[in-house]
Amino acid sequence: MKISQQDIDICCGPEPLVAHTDSQPVSQPIHQTSLFSYSSFENLCTALANEYSMPVYTRGRNPSVTSVEKKLAALERGEACKLFASGMGAISAAITGLVNQGEHIIFINQVYSPTIQLAEQLSRFGVTFTYLTSGDPEQLEAAIRPQTRLIWFESPATMTFKRIDISKVVAIAHRHGILTGIDNTWATPLLQKPITLGVDIVAHSLTKYIGGHSDVVAGALISRHAVLKQIFYRTFLLNGAALGPMDAWLIERGLRTLSVRLQQQEASALAIGRFLEGHPKVSRIYHPAWQEDAPPAETNPLAGYNGLISFSLKPADFASVTRFLNALKQFRLGVSWGGFESLAISLQRPENAEQLAAMNLPQGLIRLSVGLEAVQTLINDLEQAFTHV
C-alpha cells in the first residue's frame, strides 16, 4: 500500500482556529444546533440567498459538517463535497439531481444493488437505464443513446471487486458529452482518485471504511462546484437527507485512523487470500490482486487494497453456503463492511440462481470483510468452518 503523505496529513491535520486564543481544541467542536441567527435581517437575507456556502439551517450547512466536507474534497482532489445522511442519500441525490425525465442512464460493472433498485423506481418518472455488468468498451459504446445523460459505475465492483478501465470509460463518455459518476466506497480517497482520471462525480458510503467503527451511517458526493450546486438546490435541500453534526464528528474521527486501518486490513485480507488460494473447497478468489485482466496501472493507478475479499465455495449450493456461514465463530453474519469487526455474507438464496446469473455473479459466492482481529484467529475460523461443508 502506497498512501501519500499529503493524504495522511489531510486526514490528521489540525482543525481551523475557532477563536483568537492560545488554547485551541484538538478535535472539531460539535455544532449541535438546528439553525444559525444573524445580527441583521439584511445579513440573514444574504445567507438565505447563498445557502450553498453559508449556514442558515443545519439541513443545508453546519460547521461540523463543513469541516469534513473540506477534508474529503481535498482527499479526492475535487472542488467541493457535500455530506448526506447515507450513501444512498448521496447516490439518489446525484442521479435525481442531474437526470431529467426522458433521459437515460448506463450502469456498468457490478453496481451496489440498491442503486439499480433506485433506477427501477425512476422508470415511473420516465427515466430509462441500461445495466452492463461488465466494463467492456464496445458494449458501452453500443449502449449509448442520444438521451444518455449519465454513466454510473463501480471499480472495483461490488461483491467480485473486478476493476475496469476508468480512463476508457471517461474517454467514451466525454466524447459523447455524457457525465460520469463512480461509487468509490471500496477504494476510499486514499487508494483511488477518480477525479484525477476525469470522472465528474465521486460518491462514498462513509458508513464503510471512512467511518470505520460501525457506528455511523453517512454518504458523500465530491465534484465541481457547478455540479454540486445543481444537486444541492434540486435535491439535497428538498429531500432532507442531511447529516447531523454528531455523525459528522464521528466521520472526522474515522478519517484520523483511516490510513492505519486500511494498511492492517489489506495485509490481513491478502493473508486470508493466500490461505484460500488452492483450498480444495474454494473454486475461485475474487480480489483485485487475483484479477488477471486488471486495467493498466499507468492509467488506472490503485494505491493498495482493503479488507474485502470474496470466494466461490464448492459445492456451491445454498445448503453448503448456509452450513459454512453458520459455522463461523469469529466472522459475524451481517450486511455492510469496512468496520473494525470481521463480517461474512452471501447473496445466495434457495431459488435465486437466475437472478445471480443476470447480475454476472457466481453461485456459492461468499464475501468476507476482514476486520482488525488477529489474522491467524480469522484463518483458524475459516478452516474450521470449511470442515462443515
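Which residue of β12 does S346 stand opposite? The residue is I366. The model is predicted, so local features were taken at pLDDT of at least 70 and side-chain atom pairs at pLDDT 80 or more, whereas totals for chains, interfaces and linings use all residues. Residues are numbered from 1 along each chain as its sequence is written, and side-chain values use heavy atoms, with hydrogens and water left out.

Helices (H or I, at least four residues) and strands (E, at least two) are DSSP runs, numbered from the N terminus. Two strands pair if DSSP finds at least two bridges between them. Strand β11 (residues 343-346) and strand β12 (residues 365-369) pair in the antiparallel sense over four bridges. Both belong to an open sheet of five strands with mixed pairing, in the order β8-β9-β12-β11-β10. The edges are formed by β8 and β10 (332-333), each of which pairs on one side only.

Strand β9 is joined to β8 by four bridges, and the two run antiparallel; I285 stands opposite F311 in β9. Five bridges join β9 to β12, again in the antiparallel sense, and the bridge partner of L308 in β12 is S369. Six of the six residues of β9 are buried, so the strand is largely enclosed by the rest of the structure. Here buried means under 20% relative accessible area, exposed means over 50%, and partly exposed lies in between (1.4 Å probe, protein chains only). In a regular strand the side chains alternate between the two faces of the sheet. In β9, L308, S310 and S312 are buried on one side, and I309, F311 and L313 are buried on the other.

The loop between β8 (282-286) and β9 (308-313) contains P295. This proline is buried, with a relative accessible area of 9%. Its C-alpha atom is separated by 6.0 Å from that of I164, although P295 and I164 are 131 residues apart along the chain. Leaving out residues up to four places away in sequence, P295 touches R163, I164, D165 and N300, where contact means heavy atoms within 4.5 Å.

Strand β2 (residues 104-108) is also mostly covered, with five of its five residues buried. On one side these are H104, I106 and I108, and on the other I105 and F107. Strand β2 pairs in the parallel sense with strand β3 (residues 128-132) over five bridges, and with strand β4 (residues 148-154), also in the parallel sense, over five bridges. I105 stands opposite F129 in β3 and opposite L150 in β4. From β2 the chain crosses through helix α5 (residues 113-122) to β3, and this β-α-β crossover is right-handed. Right-handed means that, with the strands pointing away from the viewer, the path from the first strand over the helix to the second runs clockwise.

A nonpolar core is a set of buried Ala, Val, Leu, Ile, Met, Phe, Trp, Tyr and Cys residues joined through side-chain atoms within 4.5 Å. The largest core has 51 residues, of which L72, L83, I108, I151 and F153 touch the most other members. Helix α10 (residues 245-276) gives the most to this core, with six residues. Apart from it lies another core, of 30 residues, including I116, L118, W152 and L221. Beyond its neighbours within four places in sequence, L83 is in contact with residues including V65, L72, L206, F236 and L243.

Rings of Phe, Tyr and Trp (its six-membered ring) pair if their centres lie within 6.5 Å; planes under 30 degrees apart count as stacked, over 60 as edge-to-face and the rest as tilted. The count comes to ten aromatic pairs. F84 and F236 form an edge-to-face pair, 5.1 Å centre to centre with 85° between the planes. F84 is in strand β1 (residues 80-84) and F236 in helix α9 (residues 225-239), 152 residues apart. F84 is buried at 1% relative accessibility, and F236 is buried with a relative accessible area of 3%. The rings of F324 and F386 have their centres 4.9 Å apart and their planes at 45°, so this pair is tilted. Ring pairs also link Y52, F84, F232, Y233 and F236 into a cluster.
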